[in-house]
Amino acid sequence: MKTILLLSNGHGEDLNASLIAQACQNLGARVLALPLVGAGQAYQRWGIPIIAPTRTLPSGGIFYMNTWLLVRDVLGGLLRLTWQQWRALQRVAATCDLLVAVGDGVPLSFARLSGRPYAAFIVSTSSYYEGELKLPGLTWWGLTASRCRRVFTRDEYTAQQLQKLGMQHATFAGYPIMDGLEPTGVPLDGSNHYPIIALLPGSRLPEAVENLQLLLGFCKYLFALRPQVQVWTALVSSFTDELLVQLATKQGWQYQGMQLLCPAGIVHCSYDRFVDILQASRVVVGMAGTAIEQAVGLGKPVVQIPGRGPQFTYRFAEAQMRLLGGSVQTVGKAPAGTSELRLAAEWVNRVIDDRDYLVQCFDNGRERVGRGGGAIGIAQELHRLTLGLM
């Protein structure tokens, strides 16, 4: 039995890596995990052993966007945590046939310094950001080592660009986050013939609470423009009833039985129907990362509303808009106020009936994000790679 160790550094990276891990297990491999950021919940969900201590730090792993967040992470134990993770890697790496770095230059550096053969899945890098490939120095250092046996990309365009740079071992085998997005077939409660709008406030609290507050402000304008619409929000379990009651009260709404109520309309809340909500939606209004990519991959038009962060700021939204192309529009360049929320509602109201644009979004999603099957595609490549290392 071959042993594979997955290193990842972020929520989306953990999700991709955990899907790859499951596919590797199905091919007979023993799989371990080293999440460098956060608690590694995606691994925990599937019972994949984690080899080192984990901790959720203030920045959620995105301190590169804000120096103060880096300071808070250091004060919160970042250096000690990194040392513990490195020591764990030193103990375990020798027992592994292959390491797989999922993310950016950080897990790549861990993999290169381990002295073991490794593969890379550079989730955070794409040629679509700038129209050409621009690799950060640390990422380049990790990809060009002789022990880096395969480079997986998140899209075909980036793989082609890497090959032009001489990395013939670069390939696009699919994007795992598009796996497992089949709807349950169970209709959403209260569903009718009205178009469905999905709200995605993100997964990191307390930021996601502030995001949902902005999204409820957007809904007031949307309900005024189009009363005949259905709105659903996909929430993580950290959104307790108490938090939702407080949020509703602050906004002048009411919270009753998984519904946020205002005089003009209802926002349905759900903890476990993310895929169904995404699949059923006509338009997505989001303040998230990976979930927005999945929405685009499914062909949904997306409007983004910048928040206060630390993750979903205009800087993040603008980069995501360049990455995902014409399916995504961002309203405003600062934390959204009244005018931005109104403009976002007007945009959604127009797009609901724009069939030509909806078709364009479907085609764009296939190009920029791709279809399902990425996890098994990568796992099969890793399987062949480990056999070649015998």
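**Strand pairing and helix packing in the predicted model**

Valine 31 is buried, with a relative accessible area of 3%, a value that lies in the buried class because that class comprises residues under 20% relative accessible area. The model is a predicted one, and in it valine 31 is found in strand β2. When its neighbours within four places in sequence are left aside, valine 31 is in contact with Ile4, Leu6, Ala21, Cys24, Gln25, Ile48 and Pro49. The C-alpha atoms of valine 31 and alanine 94, which are 63 residues apart along the chain, are separated by 14 Å.

Strand β2 belongs to an open sheet of six strands, in which the order is β2-β1-β3-β4-β5-β6 and the pairing is parallel. Because β2 (30–35) and β6 (170–171) each have a single partner strand, they stand at the edges, and one side of each is left without a neighbour in the sheet. Helix α5 (residues 105–114) packs on this sheet, where it touches β1 (3–8), β3 and β4, and its direction makes about 160° with that of β3. Strands β3 (residues 98–102) and β4 (residues 118–121) run parallel and are joined by four bridges; alanine 101 has as its bridge partner alanine 120 in β4.

Antiparallel pairing is found in strands β9, β10 and β11. Strand β9 (residues 254–256) is joined to strand β10 (residues 259–262) by three bridges, with leucine 261 in β10 as the bridge partner of glutamine 254. These two strands, β9 and β10, form a hairpin with two residues between them, and glycine 257 in the turn has a positive phi of about 50°. Strand β10 also pairs with strand β11 (residues 265–270), over four bridges, and here the bridge partner of cysteine 262 is glycine 265 in β11.

The crossing in which α8 passes α9 is right-handed. On the α8 side, the contact is made by Val209, Leu212, Gln213, Leu216, Gly217 and Lys220, which meet Leu243, Leu244, Leu247, Lys250 and Gln251 of α9. By residue class, the contact of α8 with α9 divides into six nonpolar, three polar and two charged residues.

Key:
Residues numbered from 1 in each chain as written. Predicted model: local features only at pLDDT ≥ 70, side-chain atom pairs only at ≥ 80, totals over all residues. Heavy atoms only, no water. Pairing = 2+ DSSP bridges. Contact = heavy atoms within 4.5 Å. Axes fitted to C-alpha atoms, helices over the stretch in contact; angles between N-to-C directions. Left-handed = near helix turned anticlockwise from the far one by under 90°. Nonpolar A, V, L, I, M, F, W, Y, C, P; charged D, E, K, R; others polar. Buried < 20%, exposed > 50% of the residue type's maximum accessible area, 1.4 Å probe, protein only.
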